[in-house]
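Please work through each task before reading its solution.

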Amino acid sequence: MKRDSTLVVLVLALFCCSTWTVYSSNSLCKHTNFDEIRRPHSVSITEFGAVGDGITLNTKAFQNAIFYLNSFADKGGAKLFVPAGRWLTGSFDLISHLTLSLDKDAVILGSTDIGDWPVVDPLPSYGRGRELPGGRHMSLIFGRNLTDVIITGNNGTIDGQGSIWWNKFRNKTLDYTRPHLVELMNSTGVLISNLTFLNSPFWTIHPVYCSQVTIQNVTILAPLDSPNTDGIDPDSSDHVCIEDCYISTGDDLIAIKSGWDEYGIAFDRPSTNIIIHRLTGKTETSAGIAIGSEMSGGISEVHAENIQFHDSYNAIRIKTSPGRGGYVRNIYVSNMSLVNVDIAIRFTGLYGDHPDDYYNRNALPLIEKITIEDVIGHNIKHAGIIEGIKGDNFINICLSNIILNVTSRYAWNCSYVEGYSDLVVPQACEALKGRIFSDHCSDCYYLSKCIPSWNKRKREGEISSDVRS
């Protein structure tokens, strides 16, 4: 009876005192410079012979249209409009100072002929294709070394028609790593908004080596059993803001990465200053928000707030392994609502494969200063499975104001981890039972009780303005 009354008090405290504002109108990552962009030149894909019947291959039309629009790059840029219709195409490249705009009834369809997806070099931070040695298929929509790129629409659709790729993966008949639906490399000033993405062959949206990226108001869908169809994967990228998205796929909804083992260590480009705001979704096989497992270049300053996951396997997950090296630090997750989730918090220190046999087995990752607070969950099987690495403890893990209705007899399982907890129900594992006192505030990243409300608002403004800059 005492435990039940305590739970009621804590639940009331959570709703009365936390900043629970899911789906408010406030934006943490509105790029005012994007809002002001009006391209002085505009063409329709039909002007280049495209046919929107879902049968005619329009790769040349897209390529020719974008080649033509490149002449306006130094004249304020241009817009390529895709009207209502079903526009079949293979891979094509974007250019700088371009808006690709879809009508609400437009569908860009990825070709089901693998020959329409060229093979390109592997990423230097991976050293090889993620699935197979050698190259990888180019994404359907691709860009490299770009500035000022917008992919948007009035909820138009980009459909990768990925089932042919999923079947080749399952049958082990792939020759090269599968393509993403959208990949931008070494690019700055990217906006992806107001679109629906369907059935990616592999990861759906992959900004890699990018800066100043906003992904807003997008829906990403793939069958829940489709292999490796991650939603959004910021990879060795900085100042990324993901906001107001619904994602339901066959893998992680968002996975933050930064390179793979010795190749990621050598490339040495971290993912940092990443905001995730008002995310909703489900995944039956993976995590709502994952960090890693490819994190060898380092990941830091990640803020995820106002999150809702339902009918999912894991909510928050950190994945790493000996050989990865790198670090994950200064991660903050707050205001999260969970329903029907197997594992609310999961850290795994022995996860994933390696690109080859040349990785350094003594390259241990540093995992520290992870704060999760203001969480409520119904019908949760396990509150947390937090497994560090022997001889390489995960440290300064701070949990606060977490109320979970757990159905399993064993709510927590922890090993090789150190940290603190306050107002956590069920009570956290022994390694995290230490109370959070004022002298622990330097250990607990961004924890509310350690930051005066006026100062926290100031810091949130600074983070938001960093992403906008």
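**Exercise 1: Ser 421**

At 8% relative accessibility, Ser 421 is classed as buried (under 20% relative accessible area, with exposed over 50% and partly exposed in between; 1.4 Å probe, protein chains only). The model is predicted: local features need pLDDT of at least 70, side-chain atom pairs count only at pLDDT 80 or more, and totals for chains, interfaces and linings use all residues. Residues are numbered from 1 along each chain as its sequence is written, and side-chain values use heavy atoms, with hydrogens and water left out.

Task: Which backbone oxygen lies 2.6 Å from a polar atom of the side chain of Ser 421?

Solution. Step 1: locate Ser 421 in strand S26 (residues 417-425). Step 2: the oxygen belongs to Leu 432.

**Exercise 2: Tyr 126 and Trp 260**

Task: Determine why the pair of Tyr 126 and Trp 260 is tilted, and state whether each residue is buried or exposed.

Solution. Step 1: the ring centres are 6.2 Å apart and the planes stand at 55 degrees, so the pair is tilted. Rings of Phe, Tyr and Trp (its six-membered ring) pair if their centres lie within 6.5 Å; planes under 30 degrees apart count as stacked, over 60 as edge-to-face and the rest as tilted. Step 2: Tyr 126 is buried at 2% relative accessibility, and Trp 260 is buried at 0%. Step 3: the charged end of Arg 130 sits over the ring of Trp 260, 3.9 Å from its centre (criterion: NZ of Lys or CZ of Arg within 6 Å of the ring centre and within 35 degrees of the ring normal).

Methods:
Helix = DSSP H or I, 4+ residues; strand = E, 2+ residues; numbered from the N terminus. Polar contact = N/O pair within 3.5 Å; in protein donor to acceptor, adjacent residues only side chain to side chain.
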